[in-house]
Amino acid sequence: MKAIGFIAIATAALVCGQVKAQEASCPDRMRFIEVTGTSEVEIVPDEIHFVIGIKEYFEEEFDGVSKPEEYKTKVRIEDIEAGMRDALRSIGISGNDIRTQDVGDYWRERGMDFLIGKNLDITLHDFTMIDSIISVIDTRGVSSMRIGEMTSKDILKYHEQGKKDALLAARHKAGYMADALGEQVGKVLSIIEHGGGTDHYTVVQNSKLRMDAAAVSASAAVSASDAFRTIRYTYSVTCRFALRDR
């Protein structure tokens, strides 16, 4: 999967250790320029985690006439999950691509049964599969749906290129700012990677793919084509360069 594109820019603080007017009072080795460079990349993910929340319910909830105190025919979580897995298998999603994320009890009303729920994390490799999932599952046992983590098998390559582009952006800015002062950029004195080595990223997705129990019955109207299908990573480094005369 390829990245949509890299954008490299240099931003933020400029610190000049000494300008030419101060040259006589400070050793040449102390003259420097410090700038921050950033770069950005958008990646089309090839691994998407689609999380479906399922929960026990009573058949009478959907007959349109029964009151809560009349509910008696509980559909067990085991049956809901079995039906869900059968539906997913029918569109080519294997059991190896489904894992249980967490399980919990849901309180109803005093004197009434607990309802068991769990989240199923489904690994997909194509956004269009979300439409297929929505079209085949029984939403009566579904409490929520959302897009979870997205990534790419080539993510380490993108990280490497993004950091290189941030460094080049810093070097470029240092060059033209030093030139404006009649100086030239020399060797690099220090490099600081911001974020403690952790890359900050934003998953951009359509809020319509986050559905609660009240909205899930209308889920068939939600299309995966409505989702933004990219991950955006931003990289930032601060570099200090020595200054020298032209």
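**Close-up views of a predicted model**

**View 1. Strand 9 and the position of Ile191.** Ile191 has its place in strand 9, which spans residues 183-193. The model shown here and in the other views is predicted.

**View 2. Ile43 in strand 2.** Strand 2 covers residues 32-43, and Ile43 is found in this strand. Ile43 counts as buried because its relative accessibility is 0%, the cut-off for burial being under 20%.

View 3. In sequence, 109 residues separate Ile43 from Ser152. In space, the C-alpha atoms of Ile43 and Ser152 are 7.7 Å apart.

**View 4. The protein chain as the setting of the close-ups.** Three helices and eleven strands are present in the protein chain. Read from the N terminus, these elements follow the order β-β-β-β-β-α-β-β-α-β-α-β-β-β. Among contacts in the protein chain with a separation of 6 or more, 79% are between residues 24 or more positions apart.

View 5. The protein chain has an accessible surface of about 13600 Å². Carbon and sulfur atoms contribute 51% of this surface.

Conventions: Residues numbered from 1 in each chain as written. Predicted model: local features only at pLDDT ≥ 70, side-chain atom pairs only at ≥ 80, totals over all residues. Heavy atoms only, no water. Helix = DSSP H or I, 4+ residues; strand = E, 2+ residues; numbered from the N terminus. Buried < 20%, exposed > 50% of the residue type's maximum accessible area, 1.4 Å probe, protein only. Contact = heavy atoms within 4.5 Å. Areas by Shrake-Rupley, 256 points an atom, 1.4 Å probe, with all protein chains shown as cover.
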